[in-house]
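Hi everyone, thanks for coming.

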Amino acid sequence: MSLRRLVRWAVGAAVLVAVALAAVVAVRLAGGKSGGPVQTEKAPAEVIARGKYLAEAADCAACHTAPGGAPFAGGLAMASGFGTIYATNISPDPDNGIGRWTAADFWQALHDGTRRDGQPLYPAMPYTSYRGMTRADADAIYAYLMQLRPMKVANVRTQLDFPYDIRLGMMGWNLLFLSDSLPATSSGSSAAWQRGRYLVNVLGHCGECHTPRGILGQMELSRSLTGFALGRVAAPDITPSGLAARGWTAASLRTYLGRGIAGPDSAFAEMHQVVMLSTRNLTADDLAAMTTYLLGDSPPPPAPLPAGNPAAASAAGRGTYVALCAGCHGLDGKGVPNTVVALSGNSTLRQADARNLIVATLDGIRAENFPHRASLQAMPGFADKLSDEQAAALMNYLRATWGGQKPDVSAAAVRALR
């Protein structure tokens, strides 16, 4: 057993022991709540419409709809360092979904991370962020969900390693890590900044992906929104300084959140889904508010792109680029509008961490559609065409030429992400 795994096991076991008595009490209090009458919700049309908007702002569909699955019927597998968690059915089906839940039960799940039967939820459901949601907003989302078509889709049992599979241990985790509010990551006091903080920190729960995690999976709030890689793709630093360092302005960031494509970058992987299911549906005022909060009331100036230094990279890297990439991206890296993303000044190339560039080069990026009839063609992956050394040379050429970064990607770094 590795030292890291041993420490995680020991800490987890200690937490379980610390809450043993509370767990016994919780089991007794939870008894008898699995049944109950089927609920109906006859909310006014305006409340349901508002709930739909808030559910989109909260990006509920992204997790609770599996690829190819029924809407809000759950089943999405979410890998973690502790095992696999499956999103649950939140359609109003009475046997598999929330059809027997009251608005108070729903609020309890969002605010306290507790299911209707009294069992704690795992923080893959971001109650750690939703805790800041107002009761009125939670009730509106509940009213909307209860109008949806019930989906008779059974939930998939979560599969976690011991001792993390002992769900009641989450009571101790909550005592240690659950906060009433999340820290601000920018400076401001305007109404737009306040609204943006609510949209980013609470409804949008951006910190759940963009904040580093500790040994027990808790968000390290002292480093909120500074970026984190749970899997192969990293969520980048979206603090004001992190965004400015990669060339983002208020205008380009607002366009990116609303359309998925802006000057510095295009959304791909999970962020493409966030744009398509969530942020593109927000009002112009709310998009501006998110931008205001992310950059602050007084945004830092975007860092100018350092002069390219292709000579710092190997000639082999340039040769690979000309042979495999220039046909689409162009020798000048300008790309083709609405077809091929530009490399010159690209935000991904400007990240100090080359992880996302490596993964995109190896795996490729599927064709993606965006709002306003925009689209990008598929980029093929080159894992089967390039050795680790060749791939590293190509990425170093890209970073040195158009990202202003040091050509320091190693063959070992590529190998680790294959």
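So, how many cavities of 30 Å³ or more does the structure hold? It holds one. By cavity I mean, on a 1 Å grid over the protein atoms alone, a set of points where a 1.4 Å probe fits but cannot get out; a pocket is an open set with protein on both sides within 12 Å along at least five of seven lines, and lining residues have an atom within 4 Å of a point. Grid points are joined across faces, edges and corners, and a volume is the space filled by probe spheres set on the points.

Before going on, please keep in mind that this is a predicted model: local features need pLDDT of at least 70, side-chain atom pairs count only at pLDDT 80 or more, and totals for chains, interfaces and linings use all residues. Residues are numbered from 1 along each chain as its sequence is written, and side-chain values use heavy atoms, with hydrogens and water left out.

Back to our cavity. The largest cavity has about 60 Å³ of space, and its lining includes L182, N201, T211 and M219. That lining divides into five nonpolar, four polar and no charged residues. Here Ala, Val, Leu, Ile, Met, Phe, Trp, Tyr, Cys and Pro count as nonpolar, Asp, Glu, Lys and Arg as charged, and the others, Gly among them, as polar.

Next, the second largest pocket, with about 1,200 Å³ of space. Its lining has 46 residues, and T88, W101, R115, L121 and N155 are the ones nearest its centre. By class, we find 25 nonpolar, 11 polar and 10 charged residues there.

Now for the helices, which are DSSP runs of H or I with at least four residues, numbered from the N terminus. Helix α3 (residues 45-57) and α7 have axes that come within 7 Å and cross at roughly 100°. Axes are lines fitted to C-alpha atoms, for helices over the stretch in contact (heavy atoms within 4.5 Å), and angles run from 0 to 180 degrees between N-to-C directions. The two are therefore roughly perpendicular, a label for 65 to 115 degrees; under 35 is roughly parallel, over 145 roughly antiparallel, and the rest oblique. In this contact, V47, I48 and L54 are among the residues from α3, and A140, I141 and Y144 among those from α7.

Finally, helix α17 (residues 355-363) packs with helix α18 (residues 388-403) at about 130°, their axes 11 Å apart, so this pair is oblique. L357, I358 and T361 of α17 meet L394, M395, L398 and R399 of α18.
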